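Dear colleague,

My notes on it follow.

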Amino acid sequence: MQRAEWSFEAIGAPWRISTPGEISDATRDAVTARIDAFDAVYSRFRADSLVTRIAEAPGTWSFPRDAAPLFSLYRSLYTATEGAMSPLVGARLENLGYDRDYTLQARNEAVDVPAWDDIMQWDGSRLTTSAPVLVDVGAAGKGYLVDLVAEVLRDGGVDEYLVDASGDLLHHGDEPVRVGLEHPLDPDQAIGVCELQNASICASATNRRAWGDGLHHILDATTGEPTSTVTATWAVASSGLVADGLATALFFAAAPALSVDFTFDYVRMFPDSRVEYSRTFPGELFT
Amino acid sequence: MNIPLTTLKSRTARTAFVAFAGLSVVGTLAGCSAAATTGSAGSGTSGSSSNGSTSSGSGATTSSSTASYKDGTYSAPGSYVSPGGNEQIKVTLTLAKNIITAMDVVTVHADPTATGYEKQFEGGISAVTVGKNINTLNIGVVAGSSLTSQGFNKALATIKADAKS
């Protein structure tokens with residue numbers, strides 16, 4: 001049974017870590033430092049971040065070691081979704097109003113989302129860009145950060161935990177947790193329950209981070225427009241990185257195309273309240 | 001509606017596609033019949049029929065255009081590339097004395113993100129969901145996106161307030 005809970009605010013959202021015992025101050029400091037280090041590289045909401053510098057001028061940029069799995073995942077999903085899920089939607093998101101100042105007002109002139117190979121090359125540790133480009137890892141970054149925080153917990157001797165980064169979860173331990181699948185149209189309701197154990201579940205929905213007139217944060221990079229065919233997704237995988245990335249990719253590709261490279265369970269909900277889910281989904285859907 | 005197979009070829013553009021789909025389905029059924037004769041279950045079957053008969057889908061005796069077909073209702077999936085992308089269709093047609101007496105073409109996927117693989121995905125289950133009140137469920141955590149960035153939520157609240165004033 002989880003006994004201790006540590007709640008804090010990070011990357012603009014509330015987090016909660018549940019553990020059998022209190023987490024030591026040293027480990028808490030290490031968690032906070034890890035999150036700060038990640039944010040300093042990948043946050044497009046920070047004026048001093050690496051991705052903000054990359055958006056200012058072309059060049060070759062060295063990334064920390066944690067970047068390799070992230071870029072690798074993005075490349076796999078970019079391919080599997082035929083370019084629809086891309087880290088290059090950043091400028092278009094700003095253009096639509098989802099910017100550092102949260103103006104939430106779409107500009108009149110549209111910007112195109114560049115094709116990956118036209119504008120940047122990733123060699124495993126360095127990114128070379130041929131033009132200023134705003135990299136946005138929002139589709140998988142939070143799930144990945146959950147993994148990185150769990151790594152710090154394990155380094156600190158904590159091996160049973162539930163990390164909850166505002167709805168993106170990673171569990172490790174002998175006792176599974178029951179996780180409600182929040183109804184995308186009504187946070188007081190759930191459409192099912194997932195039995196989560198030694199795995200991550202991440203969710204994505206078009207209607208939450210939405211700012212009117214069909215504008216939300218999940219963009220189809222091939223059109224530059226918010227996608228509308230799927231309302232919400234949940235993906236269960238062994239890591240937060242993969243679960244979070246797949247939760248977004250499932251807006252653009254059906255499960256079989258993604259199952260070539262990844263092992264996962266999933267739920268997709270459509271605008272007409274239909275749900276589609278994997279037969280092996282660990283839990284129950286209310287149908 | 002009684003449409004002899006041979007007249008299908010001379011229709012207008014939209015119908016010409018239907019003719020193509022219909023003919024390719026017949027070709028598919030011919031393939032099924034080969035499988036059926038070797039003991040496999042025929043997949044080109046349908047339980048409904050406008051004339052009351054139900055075919056096993058093994059009716060095509062040959063695959064040539066001069067073939068005679070067993071009466072019954074046949075159903076088969078197909079696909080084609082429309083200006084909007086790849087579309088999955090399901091074609092159902094009823095044959096009586098080598099004449100198509102009824103034909104129905106429906107687009108299987110209203111969801112453009114679906115691919116032809118989807119139907120083959122063994123694990124996929126589709127159903128209509130009904131939400132349950134979270135308080136009635138024995139759950140400790142929720143996977144969802146209601147707790148999004150607080151900066152975002154504040155900005156949205158401000159904009160809504162501005163819009164009202």
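Helices (H or I, at least four residues) and strands (E, at least two) are taken here as DSSP runs, numbered from the N terminus. By that numbering, Gln197(A) is found in the loop between strand 9 (186–196) and strand 10 of chain A. Please note that this is a predicted model, in which local features need pLDDT of at least 70 and side-chain atom pairs count only at pLDDT 80 or more, while totals for chains, interfaces and linings use all residues. Residues are numbered from 1 along each chain as its sequence is written, and chains are lettered from A and ligands numbered from 1 in the order in which they are written.

A residue is called buried if 20 or more other C-beta atoms lie within 10 Å of its own, exposed if 12 or fewer, and partly exposed in between, with C-beta atoms placed from the backbone. Two residues are in contact if their C-beta atoms, placed in that way, lie within 7 Å.

The chains

Chain A has eight helices and 16 strands. Of its 287 residues, 49% are buried. Among its contacts between residues at least 6 apart in sequence, 61% join residues at least 24 apart.

Chain B contains two helices and seven strands, in the order β-α-β-β-β-β-β-β-α from the N terminus. Buried residues account for 22% of its 165 residues. Of the contacts in chain B with a separation of 6 or more, 46% are between residues 24 or more positions apart.

Helix 6 of chain A

Helix 6 of chain A (residues 141–155) has 15 residues and reaches 21 Å from its first C-alpha to its last. This is close to the 21 Å expected at 1.5 Å a residue, where the expected span is 1.5 Å times one less than the number of residues. Gly157(A), which follows the helix, has a positive phi, near 85 degrees.

The buried residues of helix 6 include Gly141(A), Tyr144(A), Leu145(A), Val146(A), Val149(A), Ala150(A) and Leu153(A). What do the buried residues of helix 6 of chain A pack against? Their partners in chain A are helix 1 (25–42), helix 3 (67–80), strand 6 (161–165), strand 7 (168–172), strand 10 (200–205) and helix 7 (240–249).

Asp147(A) also lies in helix 6 of chain A. Asp147(A) counts as buried because it has 20 C-beta neighbours inside 10 Å. Leaving aside neighbours within four places in sequence, Asp147(A) is in contact with Leu170(A), Ser239(A), Gly240(A) and Leu241(A). The C-alpha atoms of Asp147(A) and Leu241(A) are separated by 6.9 Å, although the two are 94 residues apart along the chain. As for helix 7 of chain A, that helix is mostly covered, with ten of its ten residues buried.

The pairing of helices 1 and 6

Two packed helices are described by the angle between their axes and the distance between the axes. The axes of helix 1 and helix 6 of chain A come within 9 Å and cross at roughly 150 degrees. Helix 1 of chain A is therefore roughly antiparallel to helix 6 of chain A. Axes are lines fitted to C-alpha atoms, for helices over the stretch in contact, and angles run from 0 to 180 degrees between N-to-C directions. Angles under 35 degrees count as roughly parallel, over 145 as roughly antiparallel, 65 to 115 as roughly perpendicular and the rest as oblique.

On the helix 1 side, the residues that meet helix 6 include Ala30(A), Val31(A), Arg34(A), Ile35(A) and Phe38(A). Among those on the helix 6 side are Leu145(A), Leu148(A), Val149(A) and Val152(A).

Loop residues

Most residues other than glycine have a negative phi. Ile11(A) has a positive phi, near 40 degrees, and sits in the loop between strand 1 (4–10) and strand 2 (13–19) of chain A. Phi of Ser273(A) is likewise positive, near 75 degrees; Ser273(A) is in the loop between strand 14 (265–269) and strand 15 (274–277) of chain A.

Finally, is Gln197(A) buried or partly exposed? Gln197(A) counts as partly exposed, because it has 13 C-beta neighbours inside 10 Å.

With kind regards
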